[in-house]
Every structure is written in structure tokens, then in C-alpha cells.
Amino acid sequence: MKMQAWNVGRTPSRLKQPSKPASASSSKRLQRLPNSKLTNPTPLQTVRDYFASNGQKPFRFQMEAWKAYAEGHSGLVHSATGTGKTLAVWLGPILAWLKRNKTRSDWNSKNPPALRVLWITPLRALAADTENALRAPIEAMGLPWLLESRTGDSSASIKAKQLKRLPTALITTPESLCLLLTHAALQPQLSAIEGVIVDEWHELLGSKRGIQVELALARIRKLNPSLRTWGLSATLGNLTEAGKALIGCKSTQPSKIIQGTTKKRLRLDSLIPDRMERFPWSGHIGSSMVPQAAREIEGVRSALVFANTRSQTEIWYQHLLQCRPDWAGQIAVHHGSLDTSVREWVENGLREGKLRAVVCTSSLDLGVDFSAVDLVLQVGSPKGSARLLQRAGRSGHQPGAESRLIFVPTNALELIELAAAKDAIQHGKMEARPLLNKPLDVLVQHAVTIAIGGGFASEDLLEEVRTTQAFQSLTDDEWQWVLDFIVRGGSSLNAYPEFHRVQVENNRYQVSMRRVITLHRLNIGTIVSDTAMKVKYMSGNTIGTVEESFISKLKQGDKFLFAGKLVELAIVRDNVAYVKRSKGTPDAIPRWMGGRMPLSSELSAALREKIHEASDGDLKGPEMKSLKGLFELQQRWSILPRTNELLIEVIHERSGYQVFLFPFEGRLVHEGMASVLAYRLTRQQRTTISMACNDYGIVLQSPHAIPIEKAIVEGLFSPERLEDDVRQSMNATEMAKRQFRQIARVSGLIQAGLPGRRKSASHIQASSNLFFDAFSEHDPGNLLLEQCRREVLEQQLEWSRLSRALERMQEGKIKMMYPPKVTPLAFSLLVDKLRERVSSETLVERVARMQKALETAAGDEVAKASSL
Amino acid sequence: MLQLYPLAPSAIEKTGHSSLAVSIEGLDFRLLAKRGLYWPEQKILFIADTHFGKEATFRSQGIAVPRGSTEGTVATIAQMISECQASRLVLLGDMFHARSSISEGIRESLDAFFLAHPQLRFTLVLGNHDRGIQALTKGWPIEIIDSGAAIGSVSVSHLPQEPSLSTKLLLCGHLHPAYRFTSKMDSVGKLPCFWLSNRQFVLPAIGEFTGTQVIHPSKSDQTWVIVDDQILRI
């Protein structure tokens, strides 16, 4: 686009904010306006002066964004972290205000302008840092703006003051924004908002919190149709969709997608094990890479070490400390289960450059830039190229510095993943963030929010929510069900007597009952609090949370690693695990639920390409070259599949038959696929099949021969009846119950927050399982159950990916191999045994079997003890 | 690794029973998978924690729960009475969930129950949710007794407590006990259970819309879990 109006000389270097030379040729205007205070400089000049005062000049993309804002556009700015995205969107509104308020003498900071900008941040922990970043230009330019935050952390007095008059610019979270919408009295102020900026939109996109934001934006847009909506995002595979979700799909307003400097200098390396031949093919190694990693950390000022799970952070922290005892106090651990105070301490240490290394999980993916960090280590597969890129971007925030990431493989095959990720990054193949389609639980919550915040007429709100990307295809029937659900409890006429949440009077939906309002406000949001148990020192200091099931397995005095320290369990009281510091070796390492991500579909595709290349003997880059020996072995015993081939290895041993399939589609897809295949095979003949999967493939095992060749001919991979077979083969009810927890929480059935905190509400606490059962039994038409079924298919089973994968397999060439031994690819499946699901057993049989297994194990122990 | 069995149900051996005869402290009982305890000698059916009308309380607070749970619970009780031919029903506390639980619909279900069982002797042991119950149950033939009272050679109570010296066993409720089954490879979540510990016999909650609490039995305890419609001794 042409930038004449802005009189930009030349595109600045894409790599760093260019320093303004002292004898600036571009400072003619400065000379013309020597004392801006007296002569009221143009708005743009004020901004340029601000950049100049930091020794910088605006980037072209920043000016592009300001111009678009000035013209009334909405848009999305995407760019690598630390490249000036914030100023690209923040100065648009400031320029707009300056244009209308040129006379400085009229500026009065005692009487700041009314609310005009809303800044939405996904993490409330980020609000304080964001506030600092946004305040800097305000103060430097002497603007009379009042800038404040409003989050769950804000004090009650500030919140009360804000309810009377909101500041000029407000930093808030999706949840706090929705809370504002419940206050009808704020409507005049909210309708005066000129611009909304959503930070880290890629984090919110595709989640229920993102949908909350979409709905809230639709509401503000209704109050002010000329609202400008801007988003900041990391680079995604589906930016156009992301932009549409932000701006709304019925918007007549022009919108822009502006690319910032994405090509920050980047260096990606791998630690190639010193002795490749001793390096495990698969599985998770303990400490063999630690000394090499420590050497890298030694060479830099400050490093972030990303591990994929919280348990891994604890383990790696200990390994590093054992390797370098002198680093005690200089390294730390950071993950989502640590108490806020612990995390803040670590973050401050990083900010001040006091810590040499922090071992962390995705908990440090987001947020403030730690300028001291000049190296990132990634332990184990990053599972996606966008994530790898984002993590790399956490380093090198000094002007002109490059981002540096070193990959620490935990097994040999992971080196292929890194090589694949490098390719994907080079070709700009970033993961798309799949969007959610009309989650009714979020709509239920939103409808109650609006009913509280002044009420609505059915047609008006329907029209409004249909402007969002998520609900554009909402049917009249679905909308009617939502209204029925909040007014009468459900659509079946007799099922919900005495139910009161929202009342209808003259086609106006509103809430009058105080306790409904209070309960709703307390429970706005979509985040499910897990059933975590607090971990505290005897002195009372909280260090974090662990899952109750972990603590319940410990005995008093058992030692475990937590927050990088060895502690022992002292006592469990009132849902708190009290611990004290301990010495010796740990008995256990906490495991937290969730965490294990499947390989992304983009990275899976890139991985297939790399293996294809290897099958041609084309080994590019140090990672692939280092695997030469492994590839040769694989080819000697079997083959390396090309992208149009599906490799199947059959091994017959005394103990039984093993069939390995390698679709390379990621763990979740493989889990679903394994169940379906095993189910279909057991339908063909009476047999017992057990299965395991990882990101690369599936293994099916049986004491009998598995007639895989015949089964394939007869349609083993057929997409026909797939959904039925998935349902039959997986324990669909259990999965649904797990999924229903969030739905119950979002739609207001279960109360969020800590149990026991609101004693008065304890008689209306019930678990989501009870709701699930009650609906299934007494109101099976409840659409939340239908939503739950959809979410299980899409989110837990990656349904679309699974059916695409089967199509690919059916069209591809099948390479049936009968290797003499377990091949390197197959070995990964024998080691990497992952969670599996039962298919056709009833609950009773499962319990009986587990009981038997436990007894056998106990019997073995007894036998061992008696033989001593 | 978990097993995938062939789908012919006949090939699967039944492992549990819908009721189980047990002998405790020399007394013979039948544990029912419908969550009741039957004492043939006295023709008494014991149940605990019906929490009638819990869903109505939720509804009155603006939380959508369909009706039907209370009717379901009442129907289960009626089935057990008819199957065992019990002449007396002893409810070990927490008959109603809250004061707001006695809605019109709930009243109708219970009216129908009492109408259908004119000969049944209905005894309620007072529980912590039962404060002020007398006013609420007027019109129904309910005999109300305090915790600790003796019935034959057992004593009954809502809360678990030390059984009196003159009785062999204490039957109680309140805990809504459940047992969590997990192994390295599998987890089936919480299963409601009967729990015998130190001559205190805790019954599972019978109310459909009631939660459970995980218990951790000691080695000398006895526990029976309810899995779907069957009982398994652990």
C-alpha cells in the first residue's frame, strides 16, 4: 500500500527498530517545530518525537496500522514477539485523540477524557506489565489520559470507583469485560468506546474465552456501530479466519490484516548427542543430555528451558542442579501449578536478569518480554512449528539481537520432528487454530449476562449474536432452546417446575432476582478450576497445587519434588496438603493431568516429508544426518515410507502377533484410529486385541494371528460407518462426562471457585457428573448434551483429522513388511506406551479385571517377600 | 495395555450380583445393588440419604435440573420393598435436601408412595439436613427417631459414631461413601459403596441426584462397591 499521506521515506530495516542518527536528515520537521509545547505539533509529529526520544523511528507496518485506524478501519496485526506490535495498535487511538485535541493548553490531566479505548489481555497476570508498556507513551507525550486496569486482581475500591466513571483507557480480561456488561448503568460509557484492542488474540482464538470476547465485542459494536476492533496475534495458519472472528462476520466496515516484521533473525539448532549410537531410539531419557544442555546455558546470560509437562520441569530442574550444584539460587522452576507468588518471584528474577535459567512449561509462552533472556532450550518435541517459533521468540529482545533456540532431543526420533519443524517454519507453514462452532454453553452464559445488564428483546440479541463468527449459523430452534433453558430450564414443558433464572415480560428478557445476579457474576467465565489440592508449608505459605489423586497415594513422610524443592508430606487437612522441606531422594514426582499435546497436523505432514526424503537417502541438515545409522537399519529390516505410502509392519513372535501401522498423524488421531481398527478386527474374528499409540503410529497386539491383509481388502480403513464404529469402540460416555465438566461450568450449572469458599452456596453444589446423569435420564433432548457429544468428537478425538487420515490411508499405497526384528520406528511404540481405552468391556468387567491385576501384583510382592 | 474383547456378551462371564448375602457380627443381611441393606430376620429395609427434592432446591436457585431424580429414587425404593417383601423401611437421615426441597411435585411423588404402601412402617432417623422436618412431613405416616436408637440388636444413626455397647452394629449414612478404583492403566472413577469399619456400617446414598465422597478403607475394613447394577466385594 502507498504511504504518501504519511510521508515515509524508506522502509526501515525489518530486523530492528532503526536507531535514529544524531544528525538526522529526517529531523527537518523537528527543526521547524523546535518547541512543541508552544506550537502544538501535528499528532504524527508528537508520535515521531516520542520514537525519537527513544532513539527510534516508526516501522512502516506501525504507520500502516495507524493510518488504517485513522480511517476508521478494524484489523489484525501479526508479527513476531518483541517487534513493536503494541505501539502499532496503541498509538492509533492516541493519534485519533490528538487530532481532535490539538491545543495542549486545553489538556487537563485532572479531568481525563471519558472511556475511549479498551485493551483486552488474556492473562490477568499480564495486566500490570501491559499497563507499564501502555503508560510510557502517555507520560512521554504528556497526555491527560487516565489508564487503569480492571481484572480479578483489582481492589474492590478501584472497581467501585470505576463503576461510576471508567478511565480513558481500560485494560481488562475477557471475564472482567463480561462482568462490565452486567452493569446496565455503564452502557452510555461503553457506547462511547472508539476502539477495542485484543492482545494475544491467537491465544483466545478457538477457545471458549475467545467466543466470550466475540460475543462481548458484538455487544459493544451494537452500542457503537463504528467501533474499531484491533487484534494482535502471533503468526497463524488461518489469519483471515482469525481476523473475521475478531471483527465479526457481518461487519460492513473495512478491515485490514497487517503483517509486521515476522522475519526476526532466528537461529534453530539441535543438541546432537555426543554418542549417537548409545542414544535411545525412543522413550524418554533421563539425564544423558543434561551436561550438554548445561554447557549451553553456561555460555549465555539468561536462558529459558521449556519442557512439555510440569513433571518434566521438576525433573530437569533437579538434573541441572545435580550437574551444576553451584547454580543453586541461580536457576528456578516455573509452571502453572505453582502459586502466583512463587511465579511472580521467578518472573521478577528473569526481568531483572538475576536468574541464569528458568525451567518452565507453556506457563512462560505468553506475556512480558524478558529482555535478559538470550537463549531458549526446548526439551523434547515442541509438537508444533508455531509453538516452536513462539518459544524461540522469547529470546533475543535486545535491539538487533537474534532469537536463538536450541532443541534438546529426548530420543532419536525427535530429531526428525525438529528437522520437520525447521522446514515448516522456513516455508511459513504455521498451524491453523481451529475455531469453535456455536458452543451453546457460552451463549447461555452471555444471554444471562445481557439479561442482567439491562435486558434484551429476543430478536435483537439473536441478530446481534449472529454477527459473530461463532454463532453465524445459529438456527432459530437453537436460539429458542437457549431462551427456554434460561427462562424455564429446558424445552420439555413439565421437566423444570419452580425454575427461575431469567424472566420474560413484554418480550423483554431480564433478571430481577438478586441471588441469581450475584451467583452469575461470581461465575462468569469459562475456565474450569481443577480439583486441585493446595500445597502449603506448615508455616502457612502456599507453594502451589497438585491433583488430589496424587496426594491420596502418598503416605505421611513420603517425599516428592515440588517447585524445585524436595518436600515431605506432613499432614492433609481441609483439602490442603501441608509439607515441610526434606532431604534425600524423592519417593514420587507429582503428575498433573492434561499436558500431553499431540503432534500438530501441519508438523505431522512435514514429518512425513522428512521421512520421504530420508527414504531417498536425501538427508538435509545436521539432525537428519545424525540419524543416518538409524535410517539405514530401518531400511535394512523394513522401509522408510514415502508420503503416498502407509507402512505396516507385521511381526510374529512366540508371544503373539504385532501389527504396527505408521500413519504419522499425531497421538489423538491414532488413539481414535486404533480403537476403530481393533474394533473392526474383533468383529471379523473372535480374538483379543490390545493396542498402544504415539505420535507416529499404532501397534495392535494379539495372541492370535491378525488377518490384517484380508481386513484391509474388506474395508478396514473405510470411512463408512466411521462415527458409529468410533462410538461403539470407545468409552463414549466416560469421555463425554469428562467433557461435560466445562459445559456445566460455563452454562452456570456448577459453581466455579474453590469449594468451601462460599459456604452459603454449598447446598447448591453438585458435580457435573450428576448433571450429566440427570439430563441424560430426564431431559435427553437437552442441547448441552448434544454439544458435549460434538466436543468429544472434535476435541478429544480430532474427528475431522481422523476421517481425513483414513481417507489418505485408503487412497495411499500400502507397504506390508515382515521385518525380522522390531524396527527403530516400531520400537518407539513399544516403549512409548500411552493411555488406552477399553472398548467392549462393561464397567463391571473392567473393575473385576483391575481388581485381579492388583491382586496379582500384591501376590507377587508377597511371593517376593517370602522368598527372601 | 487394555484388552479389547470380542463383542459376544455370552462369552463374558458374569462377575457380580445384583444382591449379595453377608454375615456381619453374626447377623445376616442382604446388600442390594440398588443401594439398600435388607435384614431378612426383621423384614427391614435400610436406606440412607435420599435427599428428596434436591433438584427442586437447585431449580429454585436458578440452576436448571430437570425433575425426575426424586421420582427415580422413590421408584427404586418401591422396587426394593417389593422385591424383598420388606414390612419396615428405615431411612438413616437426610430425607430432604433443604427446606426448599419440598415443592408441590415432590409432595405429589411422596403422597403416591405412601398411598401405594399403606402397610409399610416408615422410620426416619434424624439427620443434619432434617432440622425442622416435623413441620414439613405432616400428613405422612413417618415415625421419627433420634440418632443412636436401637432396632433389635443393631443401633441406627445418621452420622457414623461408636455403636453403643448393648448393640452389635451401627448402621449409618451421611458419608455418601465411594471407592476410587485406579490401576496403572485404567481408572473407572468413583463407585458408590457399602463400608464396614469398626462395627460401623455405612450405607451408600440412595438419592439419584447426590454426590459421593471417596473413602480410604483400612486393611481391617470391608467394602462392597456398586458397579452399574451389581455388587462386588473388594
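The predictor's confidence in each residue is expressed as pLDDT, which runs from 0 to 100. The model described here is predicted, and local features need a pLDDT of at least 70, side-chain atom pairs count only at pLDDT 80 or more, and totals for chains, interfaces and linings use all residues. Residues are numbered from 1 along each chain as its sequence is written, while chains are lettered from A and ligands numbered from 1 in the order in which they are written.

For the complex, the predictor gives an ipTM of 0.86 and a pTM of 0.84. Chain B has a mean pLDDT of 87, with 91% of its residues at 70 or more. Helices (H or I, at least four residues) and strands (E, at least two) are DSSP runs numbered from the N terminus. Within chain B, strand E5 (residues 44-47) has the highest confidence, at 98, and strand E1 (residues 3-4) the lowest, at a mean of 35. Over residues 1-15 of chain B, pLDDT stays under 50, and the model has 37 contacts beyond four places in sequence for this stretch; a contact requires C-beta atoms, placed from the backbone, within 7 Å. Where pLDDT is low, the predicted coordinates should not be read in detail.

We turn next to a helix pair in chain B. Helices H2 (residues 69-84) and H3 (residues 104-116) of chain B pack at an angle of about 10 degrees, with their axes 10 Å apart; axes are lines fitted to C-alpha atoms over the stretch in contact, and angles run from 0 to 180 degrees between N-to-C directions. H2(B) and H3(B) are therefore roughly parallel to each other (angles under 35 degrees; over 145 is roughly antiparallel, 65 to 115 roughly perpendicular and the rest oblique). H2(B) contributes Thr70(B), Glu71(B), Val74(B) and Ala78(B) to the contact, and H3(B) contributes Ile106(B), Ser109(B), Leu110(B), Phe113(B) and Ala116(B).

In chain A, helix H4 (residues 60-70) is largely enclosed by the rest of the structure, because 8 of its 11 residues are buried (20 or more other C-beta atoms within 10 Å of a residue's own; 12 or fewer is exposed, and in between is partly exposed, with C-beta atoms placed from the backbone). Among the buried residues of H4(A) are Phe61(A), Trp66(A) and Tyr69(A). Their packing partners in chain A include H5 and strand E1 (74-78). Gly72(A), with a positive phi near 85 degrees, follows H4(A).

Lys102(A) lies in the loop between helix H5 (85-100) and strand E2 (117-120) of chain A, and counts as exposed, with 12 C-beta neighbours inside 10 Å.

Technical notes:
Contact = placed C-beta atoms within 7 Å.
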